[in-house]
Amino acid sequence: MSGASAEKRGYVLNMGPQHPSTHGVLRMEVHTDGEIVTRAIPDIGYLHRCKEKIGESETYFKFTPYTDRLDYLASMNQNHGYCVAVERLAGIEVPERAEYIRVIVAELNRIASHLVSFGTYGLDLGAFTPFLYAFREREKILDIFEQMCGARLTYAYIYIGGVMRDITPKQLGMIQEFVDYIEPKLDEYDRLLSYNQIFIKRTANVGVLSPELAIKYGVTGPVLRASGVDWDLRRDDPYSIYDRFDWKPVVGRGDVGSVGDSWDRYMVRLREIRESVKIIRQAIAQVPIGPYQAKVPPRLKPKYNEVYCRTESARGELGFYLVADGDVHPWRCKVRAPSFSNLSVIGELAPGLMIADLVAVLGSIDVVMGDVDR
Amino acid sequence: MREYILTLTEPGQLLSGVSFGLASLLVMVASCAAVLGVIALNGMFLVWWERKVSAHMQARLGPMTTGYWHGWLQSIADGIKLLLKETIVPLLVDKPLFMLAPVVIFGSAFMAFVPIPWGEHLIVADLNIGVLYITAITSLSVIGVVMAGWASNNKWSLYGGMRSAAQIVSYEIPVGLAMVPALMASGTLSMQGIVESQAGGFWHWNLFAGGPFTLIAFVVFFIASLAEVNRAPFDLPEAESELVSGFHTEYSGMCFAFFFLAEYSEMFVVSAIASVLYLGGWQCPLGLSLIPGPLLFLAKILFLVFIQLWFRWTFPRLRVDQLMHLAWKVLTPIGFVNVFGAALWLVLI
Amino acid sequence: MAMKIEEVIAEVMEIAGEGAVQEELDMPGPVLRVPRESLAKVMPLLRQRGFDSLMALSGIDYQGMKKYKADAGDSLGVVYHLFSFAERCKITIKVWLPREDPQVFSVAAIWPTAEWHEREAYDMFGIRFEGHPDPRRILLPEDWEGWPLRKDYQMPTEYRGIVHRDEEGQA
């Protein structure tokens with residue numbers, strides 16, 4: 001009964017829903033024995049906005065803007081995932097030009113999301129400065145998006161059958177300029193934070209997630225790759241036109257600790273930015289001339305069909321399970337959110353960590369509560 | 001001190017004709033006012049400075065509008081705001097302790113200014129055990145931190161208080177050990193005496209008196225003193241990403257301002273001690289006396305404070321066990337070896 | 001261990017017994033509908049055959065759905081999307097559950113990720129999972145009444161003193 005007595009001796013900390021490092025409105029019931037965490041029970045739902053219910057009661061088109069609000073740090077990726085799912089459901093062909101534009105904006109948004117994750121991770125560990133550097137870089141992406149669609153956070157730019165507006169040569173120039181700008185910055189980040197001794201001490205060998213455990217818990221995306229599983233839906237379950245580009249998924253290597261530790265999760269994201277840059281460079285060079293939207297009836301009524309379509313969002317496998325029943329709205333619109341499954345593993349990782357480690361592990365899993373609670 | 005007051009009461013001096021008792025009282029009040037003024041000004045200046053330094057390190061500008069020139073009035077505006085704000089006392093706190101804690105912390109920071117020599121005669125009290133006095137007084141602040149943590153009736157505050165107690169008690173040892181080589185080189189415990197022993201150019205500074213050993217001691221002192229004053233990367237008691245705000249989570253208004261002022265005063269004090277012990281205090285680095293001593297002293301202190309700011313805006317925070325590891329297994333042994341090394345060096349070379 | 005998806009289908013159909021149907025859908029991988037009693041046997045088998053990843057577990061309400069009006073009636077359902085990392089193939093398993101007694105075998109012990117997904121299905125559809133380690137609501141407050149994603153769900157007009165009004169301001 002040592003566990004029970006430890007809990008009697010220990011303390012129950014109520015971490016969140018308003019806490020600086022729960023990245024939104026996550027609440028965790030943290031059982032501690034001194035500084036050591038004996039159990040952490042996540043409590044979610046504070047940001048539940050009935051997205052699946054809304055999905056069932058709106059038309060296919062009207063739900064697109066709602067997907068923005070799922071993972072609001074990577075809205076383009078959410079749009080993309082949803083649109084790919086609806087297009088598969090209804091058998092819509094997307095024009096080539098639109099596919100290229102989609103890939104470009106989705107990868108740009110992935111970079112923006114990883115930059116936020118990099119910055120906030122610094123904050124979680126007490127380093128303030130990287131956060132502002134990351135936001136300075138992200139600002140440039142937001143400026144580009146603002147030019148393209150008028151919005152800076154919730155774009156609703158990728159659209160069933162194509163994209164909302166065509167991309168102009170000037171905007172392509174801005175994107176080119178940005179990718180040239182970001183690469184040297186990444187080296188700077190490595191010098192500033194990644195290889196800082198204190199940072200390594202705080203993250204190496206902390207919260208090691210084995211590949212088996214990761215797969216069991218449905219962990220996906222950068223977190224899964226950091227555990228050494230070479231798995232990226234863009235390559236392994238291809239959608240859109242990702243199979244045309246030359247790039248490699250980034251896998252955790254355990255450079256400073258063991259494979260699957262917090263440092264690896266952090267580093268996989270930074271290295272993924274480089275891969276996204278590669279994709280964007282190739283895509284910009286290849287954008288064809290042509291229409292940017294397919295002709296899709298505004299009252300889309302697909303006949304009975306079901307799809308489970310998964311795409312690689314910035315946080316992992318974003319799945320949409322759509323059931324059509326010949327109506328203007330889907331019969332069922334299940335969102336399989338990457339953060340939801342990724343977060344569920346925290347209860348397994350927490351015992352034995354220190355309170356500060358718990359923050360480090362949570363930050364390295366990089367959840368967006370909009371995505372978890374839907 | 002006594003002689004100084006007596007000279008003041010002599011004919012033709014500032015307090016001529018005043019009885020000795022009254023003169024002492026006046027001098028005391030004046031000293032207190034001066035120290036308070038220094039603390040307040042220093043706090044305001046350092047807050048503004050820290051904001052500007054951090055802003056420029058982070059590709060920002062920081063405060064720019066208040067006072068037109070680079071927001072120089074920002075701290076005063078903030079100070080007025082804090083003064084006017086209601087001090088919220090939560091219902092279930094231990095009220096007497098809750099209100100006393102900021103006073104204790106501020107008091108310890110305040111009293112630490114007493115034996116700091118600003119110039120040849122500019123010193124509130126040249127205690128013959130000045131260094132010991134400072135070590136003793138600055139560690140009083142831990143009582144305030146623990147009081148604040150306990151009285152707040154908040155789990156995060158309690159964690160902050162506990163961490164702080166452990167941290168300050170642990171780091172007292174390396175701090176003390178890192179002071180010893182300088183004291184051996186100077187042969188006195190009086191702050192003024194230490195400064196005077198380093199006269200005549202930077203090659204006479206205690207920093208170089210014991211060969212490599214005093215250099216190392218200076219570095220150890222600087223690192224450990226960062227931990228003593230809860231500055232990054234050792235700001236665990238108030239680690240905002242873990243403990244929300246640590247021991248001062250529940251404080252607001254003027255009580256919070258006291259913590260804030262105390263933190264900046266402590267930064268200032270430890271930098272002052274470091275420059276007295278190792279950088280020659282108010283002595284000129286080139287052995288000349290063109291620039292007034294107090295200005296030189298201030299420049300040295302601000303240089304050290306700048307390094308503290310620089311650390312804070314660059315490094316992540318250590319974990320609590322790593323912090324203890326550093327104190328007991330790294331800094332303390334180094335400190336001990338250093339004391340012996342410096343002693344041998346001073347005797348043999 | 002090489003796995004042939006046809007063999008797996010055959011095995012599942014055999015174990016599931018009477019009432020198992022393979023649905024013809026344009027999806028990657030087969031879609032099998034099995035009786036709920038057989039799920040406790042089918043799921044461990046699939047795990048054994050290499051389906052190590054449960055991509056998604058969705059509750060669904062068929063009440064009023066045109067396609068299934070005849071056979072599903074007003075039942076609820078659970079849809080499991082499985083995937084095998086080693087073989088890179090998918091399989092979809094469906095169960096239909098009677099509305100009055102929506103109870104089904106919990107797969108949380110096989111794929112721990114199902115723990116939260118099943119809690120969500122319980123939260124939204126009121127589907128009970130036998131053997132679930134922590135059968136509570138997950139997204140909604142614990143004292144919420146009703147199952148919001150069921151098609152016959154009526155929006156409550158009040159929750160703990162918070163009155164819900166429609167666009168005309170009617171409670």
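This is a predicted model: local features need pLDDT of at least 70, side-chain atom pairs count only at pLDDT 80 or more; totals for chains, interfaces and linings use all residues.
Figure 1. The side chain of Arg336(A) meets that of Glu317(A) in a salt bridge, at 3.9 Å from N to O. Arg336(A) belongs to strand S8 of chain A and Glu317(A) to strand S7 (residues 316-324), so this pair ties together parts that sit 19 residues apart in sequence. Is Glu317(A) buried or exposed? With a relative accessibility of 3%, Glu317(A) counts as buried.

**Figure 2. Arg332(A) and Glu56(A) form a salt bridge in chain A.** Here the N to O distance is 3.9 Å. How many residues apart in sequence are the parts that this pair ties together? The answer is 276, because Arg332(A) lies in strand S8 (residues 332-336) and Glu56(A) in helix H2 (residues 51-57) of chain A. Both ends are tucked away: Arg332(A) is buried, at 3% relative accessible area, and Glu56(A) is buried too, at 8%.

**Figure 3. Asp78(B) pairs with Arg51(B) in a salt bridge of chain B.** Their side chains come to 2.9 Å, N to O. Asp78(B) sits in helix H3 (residues 74-84) and Arg51(B) in helix H2 (residues 20-57) of chain B, so the pair ties together parts 27 residues apart in sequence.

**Figure 4. Several salt bridges link up into one network.** Through shared partners, Glu52(A), Glu56(A), Arg332(A), Lys334(A), Arg374(A), Glu120(C) and Lys151(C) are joined together. One bridge to look for is between Glu120(C) and Arg374(A), with N and O 3.0 Å apart. Over all chains, the salt bridge count comes to 57. As a bit of background, side chains of opposite charge can pair when their charged atoms come close.

**Figure 5. Chains A and C meet through 41 residues of chain A and 43 residues of chain C.** Of the 2 pairs of chains in contact, this one shares the most contacts. Together the two chains bury about 3600 Å², and carbon and sulfur atoms give 60% of that area. On the chain A side, S6(A) gives the most, with 5 residues. Sorted by class, that side has 18 nonpolar, 7 polar and 16 charged residues.

**Figure 6. Chains B and A meet through 24 residues of chain B and 34 residues of chain A.** The area buried between them is about 2700 Å², with 62% of it on carbon and sulfur atoms. Tyr159(B), Pro316(B) and Arg319(B) supply 23% of the area that chain B buries against chain A, more than any other three residues. Look out for Arg163(B) and Glu35(A), whose side chains form a salt bridge at 2.6 Å, N to O. H7(B) has the largest share, 5 residues. By class, the chain B side is made of 12 nonpolar, 4 polar and 8 charged residues. As for chains B and C, no contact joins them, and their closest C-alpha atoms are 25 Å apart.

**Figure 7. The largest nonpolar core has 99 residues.** Ile44(A), Leu358(A), Met43(C), Leu46(C), Tyr80(C) and Ile93(C) touch the most other members. Zoom in on Ile93(C): setting aside neighbours within four places in sequence, Ile93(C) is in contact with residues including Leu32(C), Val34(C), Leu39(C), Val78(C) and Leu82(C). Apart from this core lies another, of 81 residues, among them Cys83(A), Tyr121(A), Cys149(A) and Tyr242(A).

Key
Residues are numbered from 1 along each chain as its sequence is written. Chains are lettered from A and ligands numbered from 1 in the order in which they are written. Side-chain values use heavy atoms; hydrogens and water are left out. Contact means heavy atoms within 4.5 Å. Buried area is the accessible area (1.4 Å probe) that two parts lose on being put together, summed over both. A salt bridge is a side-chain nitrogen of Lys or Arg within 4 Å of a carboxyl oxygen of Asp or Glu. Helices (H or I, at least four residues) and strands (E, at least two) are DSSP runs, numbered from the N terminus. Ala, Val, Leu, Ile, Met, Phe, Trp, Tyr, Cys and Pro count as nonpolar, Asp, Glu, Lys and Arg as charged, and the others, Gly among them, as polar. A nonpolar core is a set of buried Ala, Val, Leu, Ile, Met, Phe, Trp, Tyr and Cys residues joined through side-chain atoms within 4.5 Å. Buried means under 20% relative accessible area, exposed over 50%, partly exposed in between (1.4 Å probe, protein chains only).
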